Amino acid sequence: MENITASELAGFGVGTLLLCATIAAPKVDAFISASQRSSLGMCKRCGDLRMIPCTRCKGVGSVKGGLFNFGFVDDIFQQFGGSGMKGKSISCTQCQARGHMPCPICSNLP
Ligand SMILES: [Zn+2]
Ligand SMILES: [Zn+2]
């Protein structure tokens, strides 16, 4: 019979945890990093960057089109050569074209 030491058992456990973390969705990874940040005393939302990427323009600072912000539709219009009115980038109004917004958690701090 093989002798399984405690350290081998621990290694097996850690390996299993790592495997689970790898398989699991990025949501879990984000949750783990968030808990790590909070345990380090960092902001769990932005990691002490004091800003978060804009959710509307994805950090680009501008959004395509006017009322409709669907990349799928934009692609179709561009494929048909409709680059005249469509495909025009406008400044993101949510972040004032900066691409990021103040962290809602940090900005509440005095
Ligand atoms: Zn934005
Ligand atoms: Zn923050």
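Q: Is glutamine 96 buried or exposed in this one?
A: Exposed: glutamine 96 has 11 other C-beta atoms within 10 Å, and 12 or fewer is what counts as exposed. Bear in mind that this is a predicted model.

Q: Where does glutamine 96 sit?
A: Glutamine 96 is in the loop between strand E3 (89–91) and E4.

Q: What about phi of glutamine 96?
A: Phi there is positive, near 55°, and glutamine 96 is not a glycine.

Q: Why is lysine 58 classed as exposed?
A: Because lysine 58 has 11 other C-beta atoms within 10 Å, and the class takes in residues with 12 or fewer.

Q: OK, which residues does proline 53 touch?
A: Leaving out residues up to four places away in sequence, proline 53 touches Lys58, Gly59, Gly99 and His100.

Q: Which strand is proline 53 in?
A: Strand E1, which covers residues 51–53.

Q: And how many other C-beta atoms are within 10 Å of proline 53?
A: There are 15, so proline 53 is partly exposed. A residue needs 20 or more to be buried.

Q: How far apart are proline 53 and arginine 98?
A: In space they are 9.3 Å apart, C-alpha to C-alpha. In sequence they are 45 residues apart.

Q: Stepping back, what's the pattern along the sequence?
A: The order is α-α-β-β-α-β-β, from three helices and four strands.

Q: How much of the protein is buried?
A: Buried residues are 6% of the 110 residues.

Q: And what share of the contacts join residues at least 24 apart?
A: Taking contacts between residues at least 6 apart in sequence, 64% join residues at least 24 apart.

Q: What does the pLDDT average?
A: The average is 74, and 65% of the residues score at least 70.

Q: Which elements have the lowest and highest mean pLDDT?
A: Helix H3 (residues 71–79) has the lowest, at 57, and strand E4 (residues 100–102) the highest, at 92. Where pLDDT is low, predicted coordinates should not be read in detail.

Key. Residues are numbered from 1 along each chain as its sequence is written. Chains are lettered from A and ligands numbered from 1 in the order in which they are written. This is a predicted model: local features need pLDDT of at least 70, side-chain atom pairs count only at pLDDT 80 or more; totals for chains, interfaces and linings use all residues. Helices (H or I, at least four residues) and strands (E, at least two) are DSSP runs, numbered from the N terminus. Two residues are in contact if their C-beta atoms, placed from the backbone, lie within 7 Å. pLDDT is the predictor's confidence in each residue, from 0 to 100.
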